2 protein chains.
Amino acid sequence: MARPKKKVEGERAAAILDAADALLAEVGYEGISARAVAERAGVNKALVFYYYGSVENLFERVLERYYTAHGELLARALEGFRRAPDDVPLAERLHGLIDVYLDFIEHNRLYARLVQQQVSGGGMHLHLVERHLRAFYDWTSSLLAEMAPATGRASARQLYLTFSAAVINYFTYAPLLGDDVWEGDALSAAALAERRAHVHWLVDTLLAALAAEKPDAR
Amino acid sequence: MARPKKKVEGERAAAILDAADALLAEVGYEGISARAVAERAGVNKALVFYYYGSVENLFERVLERYYTAHGELLARALEGFRRAPDDVPLAERLHGLIDVYLDFIEHNRLYARLVQQQVSGGGMHLHLVERHLRAFYDWTSSLLAEMAPATGRASARQLYLTFSAAVINYFTYAPLLGDDVWEGDALSAAALAERRAHVHWLVDTLLAALAAEKPDAR
DNA sequence: GATCGGTTTGACCACTCGGTTAAAGCCTGC
DNA sequence: GCAGGCTTTAACCGAGTGGTCAAACCGATC
């Protein structure tokens, strides 16, 4: 159990992971070559393969780090509801989940691009994406199922897609509309606050509509 | 003006463009190499450069073909409203635009992936994407401006993003949720019909909410 | 001091990439 | 037939890729 074996355990490995993350953010999926990552991390190229086996695997580790972080935040939020005095209303729970989602993306700006890239790029790491997307879906739709039917125009599955699209698509599309549309940066604090308010308004409006048409159930 | 110069004018050029399109659909942006395109088109690799100058330019032509097709459909729809008896209600016009959008994506399944790829991939053709996205935004938001304020939680710009996200994101995310969620393929006729109904319901619901809170304007 | 195992290194490999080029093919007008 | 101009071809290029490997390094144990 010799702990202070060398410098710090896995220092180089972590540097490589961080370099890959940073490069991904700057140059995108294309620009993440073993050489570029190694140079960025100040490390020999062979170390990338020594620690991660392949560039693909390295990339997958970066992805997974984001996914597990996101998943843990959501799980913690759900756990909070469960421990609460047992009657947190559905709307409040949904708002909570959405705030967690928005907070996470705002603090990890790369995340939205990374996920969208994988989903739309026909990337080879789709199994990872599928697994996490499915988990998020299960959590959210189990909430929505309390009010929404399983199928039809206002079903839980449709609502889930619309809500998550409303959150994540903003970060990839809004910046492209141009600064004049947002009177400045689409990712400025003011613009982000407006989007957050919009999504919450969206949830409230749709839930109200659901409640109104619930009696006739369709 | 010698027309029947050789076989068919631009036959090879068209074959290359189509091959690039097909490869893009199957393998994604990564898999579109000059060699692969040429082989797919049954053509010498040098011809790719003879006709298109560079692989980048070839890719841009594919993108542009989709964008102009989409743009023309939208423009035609808008033109139709303008010629109509002068009082097509806003909701109906919005539903019309959305149907055009959905029809186009359903008949050009690659389109959604292609656009999302460019937007999120930090691709080098962002200027193309920006130009068209901006045009679509201007058209849609000019309609929405009749009912929605320019800023705030229910502003035209926010609604535009939410509507377009609801349309386009379905095609990239829904298939990942798994066949059991959709009782079959998420892109089957039945599933697509449910999504279409959902989006129209979404529009109606939000417009109704807008109308209800219009008096106090915020 | 010798040894041993995990770590680090630079040199090297086969391969693919986008792109070029000079020559050949081929069709048309004379 | 021949001249001239698009079109098509095979061969080639330099650069960059992911990945390997044997040797060197280096800290800990005996």
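**Close-up views of a two-chain model**

**Figure 1. A salt bridge joins the two chains.** Arg134(B) pairs with Asp180(A) in a salt bridge, with 3.0 Å between the closest N and O atoms. A salt bridge here is a side-chain nitrogen of Lys or Arg within 4 Å of a carboxyl oxygen of Asp or Glu. Between chain A and chain B the count is six salt bridges. The model is predicted: local features need pLDDT of at least 70, side-chain atom pairs count only at pLDDT 80 or more, and totals for chains, interfaces and linings use all residues. Residues are numbered from 1 along each chain as its sequence is written, chains are lettered from A and ligands numbered from 1 in the order in which they are written, and side-chain values use heavy atoms, leaving out hydrogens and water.

Figure 2. Across the interface of chain A and chain B, 28 residue pairs are in polar contact, both residues at pLDDT 80 or more. A polar contact is a pair of N or O atoms within 3.5 Å; within protein, one must be able to donate a hydrogen and the other to accept it, and residues adjacent in sequence count only if both atoms are side-chain atoms. Which helix gives the largest share of the side of chain A that touches chain B? H8(A) does, with 13 residues. That side of chain A divides into 26 nonpolar, 14 polar and 11 charged residues. Ala, Val, Leu, Ile, Met, Phe, Trp, Tyr, Cys and Pro count as nonpolar, Asp, Glu, Lys and Arg as charged, and the others, Gly among them, as polar.

**Figure 3. The area buried between the chains.** Chain A brings 51 residues to the contact and chain B brings 52 residues. Contact means heavy atoms within 4.5 Å. About 4900 Å² is buried between chain A and chain B, and carbon and sulfur atoms give 62% of it. In chain A, Tyr173(A), Leu176(A) and Trp201(A) lose the most area to chain B, together 16% of what that side buries. Buried area is the accessible area (1.4 Å probe) that two parts lose on being put together, summed over both.

**Figure 4. Two helices within chain A.** Chain A has 10 helices and zero strands. Helices (H or I, at least four residues) and strands (E, at least two) are DSSP runs, numbered from the N terminus. The axes of H4(A), residues 55-83, and H7(A) come within 11 Å and cross at roughly 10°. H4(A) and H7(A) are therefore roughly parallel to each other, a label for angles under 35 degrees. Among the contact residues are Tyr67(A) of H4(A) and Trp139(A) of H7(A).

How values were computed. Axes fitted to C-alpha atoms, helices over the stretch in contact; angles between N-to-C directions. Parallel < 35°, antiparallel > 145°, perpendicular 65-115°, else oblique.
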